[in-house]
Amino acid sequence: MRLASGTLLIASLLAAGAAVAQQPVPANKETVEIGLSTDTISITSGFRGTDLTVFGALDNADPLIQRQGRYDVIVILEGPPRNFVVRRKDRYFGIWINTESVTFQNIPASYSLASTRSLQDITTPKTFAQLSLGVNNIYYEPMPDGFASSEALREFTKELPRLKLKQLLYNQRVGDVQFLSSTLFRATLSLPANVPVGKHVARAYLFRNGEFLRESSTSLNIVKAGLEFRIYRAANQHSLLYGFFAVFLAVVTGWAGRLVFRKD
Amino acid sequence: MLSGFELGIYLPIAEISVNIFVLFFMGAAVGFLSGMFGVGGGFLITPLLIFYNIPPAVAVATGANQVIASSFSGALTHFKRGSLDFKLGSLLVVGGLIGAGIGIYVFVLLRRLGQLDLIVSLLYVVFLSTIGGLMLYESIQAMRRTRAGQLATLKRPGQHNWVHKLPFKMRFRASKIYVSIIPVLVLGGAIGFLSSIMGVGGGFIMVPAMIYLLKVPTNVVIGTSLYQIVFVTAFTTVMQATTNQSVDIVLAMLLMSGGVVGAQYGARIGQKLRGEQLRALLAMLVLAVGLRLAIELFVTPDDIYSVTLALVSGGS
């Protein structure tokens with residue numbers, strides 16, 4: 001305790017010295033802001049995935065720390081929360097059958113991350129865990145009604161991010177947050193072809209010397225456009241009408257086929 | 001592959017991009033076979049769609065939708081000819097609707113348990129290998145008999161069996177039979193159940209069952225069976241659309257338009273070929289599809305883990 005207060009004293013003395021020498025920069029005055037050029041992205045059925053560029057600004061930065069490159073920014077884009085089932089197949093009598101499963105709730109359907117440097121160089125695993133930042137630190141919350149053992153929970157909690165990374169729905173890009181000037185930075189995130197529709201949240205996390213300072217967020221709506229998506233929406237929102245229409249189409253096609261048949 | 005052309009089409013419900021021509025030809029090939037052999041083709045379409053990476057839930061629901069088209073045009077023909085027993089057909093429809101309702105419930109349950117894909121594959125393997133095996137055996141026997149110089153006649157079914165001892169008998173004038181309504185309802189129900197779980201019309205089971213169990217004369221069997229199939233597959237399609245949202249009308253349209261074209265040519269070729277050779281050919285095709293599905297059950301998957309959206313469980 002004594003040591004700590006001693007260090008504090010020295011720190012404040014140094015700060016006082018600095019204040020005398022130049023314009024005072026109070027601790028933790030840095031702010032981070034991000035902006036998107038649009039709040040809605042509409043994707044068509046031919047969508048094959050794209051890069052999303054997020055611009056941001058770092059204000060009130062300490063020029064000395066900046067020169068040393070000790071500011072780090074991590075930008076993420078988190079998809080809408082959904083519930084997911086992870087299943088494991090086992091072999092019974094030679095046949096592969098889904099056996100154990102764990103349902104997780106409120107898991108981001110997609111998760112894209114971009115960072116200035118590799119994650120372990122930015123801060124400690126403990127800080128990442130506290131911030132739930134990064135694919136391996138998202139809180140994978142199992143459904144309370146699950147009957148899974150703690151061993152199974154551990155196993156499936158490890159498999160979920162792996163499967164999501166494999167589907168490209170989760171991705172992490174190291175070095176894709178770049179400072180364009182002393183205050184302006186650009187983050188490039190991946191939107192996969194199968195990106196879920198709904199409200200996505202973009203967040204920027206600012207670190208100085210490995211210490212987390214601030215975060216800021218903005219939201220992005222991803223909607224699907226085009227005929228195919230209108231069909232999809234009709235199937236979900238007006239499913240009874242859609243069903244009757246499907247039957248009607250089939251009957252008309254069958255009847256038309258008979259007309260063609262009778263010609264010869 | 002034809003490069004330079006955009007042949008891909010996105011299926012809104014199956015949520016994958018597919019090649020238009022592959023699906024059109026798939027529909028045409030199955031339509032050709034159904035025209036040639038006089039079968040609905042649902043039992044071939046669904047496995048083929050699964051081979052083409054269409055999710056089994058969508059393949060089954062869309063298969064049922066696709067069957068309506070061919071069955072409707074067939075039933076219309078029989079209606080004009082008068083070779084259709086409305087009373088018997090309507091009773092089969094009643095059984096079919098009950099069976100399909102139960103089937104949809106089981107379908108939802110299996111989907112929630114994550115066992116739908118497995119059960120659909122298993123049912124197909126069992127049905128395809130049984131039907132294919134029986135057809136092959138029967139056609140080889142027939143070919144042997146013709147070679148031996150005998151007349152190739154179907155075995156004449158006996159006049160009475162246990163079915164005729166059941167109570168609640170009803171007279172069906174058009175079919176000239178007097179039979180209990182129990183086997184009629186049960187048969188209709190079983191076909192309805194298979195229609196909703198496998199996405200088939202069920203004609204391949206219905207026709208022999210009507211001939212051998214109910215002793216329905218062959219001239220009204222096909223028309224009556226098609227009549228039932230139209231109503232049951234229509235009901236199944238609407239039920240699948242409302243409970244599972246798994247009917248893909250873009251996919252169904254591609255298959256049906258191919259099927260309409262294919263069926264014309266199939267029927268023409270079918271008239272020129274010999275019956276037992278034709279049946280042996282179909283039998284081998286059915287067995288091949290069944291075998292392919294069976295192999296997939298035994299092959300070690302690339303990844304034993306899978307992740308899917310959790311279906312909202314109904315009621316707490």
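Strand β5 (residues 81-92) of chain A pairs with β5(B) in the antiparallel sense over five bridges, where strands are DSSP runs of E with at least two residues, helices are runs of H or I with at least four, both numbered from the N terminus, and two strands pair if DSSP finds at least two bridges between them. Within this pairing across the two chains, A:Arg88 stands opposite B:Tyr305 in β5(B). This is a predicted model, in which local features need pLDDT of at least 70 and side-chain atom pairs count only at pLDDT 80 or more, while totals for chains, interfaces and linings use all residues. Residues are numbered from 1 along each chain as its sequence is written, and chains are lettered from A and ligands numbered from 1 in the order in which they are written.

The contact between the chains takes 44 residues from chain A and 41 residues from chain B, two residues being in contact if their C-beta atoms, placed from the backbone, lie within 7 Å. On the side of chain B that touches chain A, the elements giving two or more residues are α3 (56-81), α8 (218-243), α9 (249-272), α10 (275-298) and β5 (305-309) of chain B. The residues on that side of chain B divide into 27 nonpolar, 14 polar and no charged, where Ala, Val, Leu, Ile, Met, Phe, Trp, Tyr, Cys and Pro count as nonpolar, Asp, Glu, Lys and Arg as charged, and the others, Gly among them, as polar.

Chain B itself has 10 helices and five strands. Its radius of gyration is 20 Å, close to the 20 Å that the globule rule gives for 316 residues, so chain B is as compact as a globular protein of that length; the radius is taken over C-alpha atoms, and the rule is 2.2 Å times the number of residues to the power 0.38. Along its principal axes, the C-alpha trace of chain B spans about 55 × 50 × 40 Å. Buried residues make up 47% of the 316 residues in chain B, a residue being buried if 20 or more other C-beta atoms lie within 10 Å of its own, exposed if 12 or fewer, and partly exposed in between, with C-beta atoms placed from the backbone. Of the contacts in chain B with a separation of 6 or more, 81% are between residues 24 or more positions apart.

In chain A, the secondary structure comes to seven helices and 13 strands, and buried residues make up 29% of its 264 residues. Residues 24 or more positions apart account for 73% of the contacts in chain A with a separation of 6 or more.

Strand β4 (residues 71-78) of chain A is mostly covered, with eight of its eight residues buried. A:Tyr71, A:Val73, A:Val75 and A:Leu77 point one way from β4(A), while A:Asp72, A:Ile74, A:Ile76 and A:Glu78 point the other way. This strand has antiparallel pairings with strand β12 (residues 198-208) of chain A over eight bridges and with strand β7 (residues 111-115) of chain A over five bridges. A:Leu77 takes part in both, with A:Ala202 as its bridge partner in β12(A) and A:Ser112 as its bridge partner in β7(A), whereas the partner of A:Glu78 in β12(A) is A:Val201.

β12(A) is also mostly covered, since eight of its 11 residues are buried. It pairs with strand β13 (residues 211-224) of chain A in the antiparallel sense over 11 bridges, and there A:Ala204 has A:Ser216 as its bridge partner in β13(A). The hairpin of β12(A) and β13(A) has two residues between the strands, and in it A:Asn209 takes a positive phi near 50°.

Elsewhere in chain A, an open sheet of four strands has the order β1-β3-β11-β10, with antiparallel pairing. β1 (31-35) and β10 (177-179) of chain A stand at the edges, each with a single partner strand, so one side of each is left without a neighbour in the sheet. Five bridges join β1(A) to strand β3 (residues 50-59) of chain A, and among them A:Val32 is partnered with A:Leu58.

Among the elements of chain A, β7(A) has the highest mean pLDDT (94) and helix α1 (residues 2-21) the lowest (41). Over residues 1-23 of chain A pLDDT stays under 50, and the model has one contact beyond four places in sequence for them. Where pLDDT is low, the predicted coordinates should not be read in detail.

Technical notes. pLDDT = per-residue confidence, 0-100.
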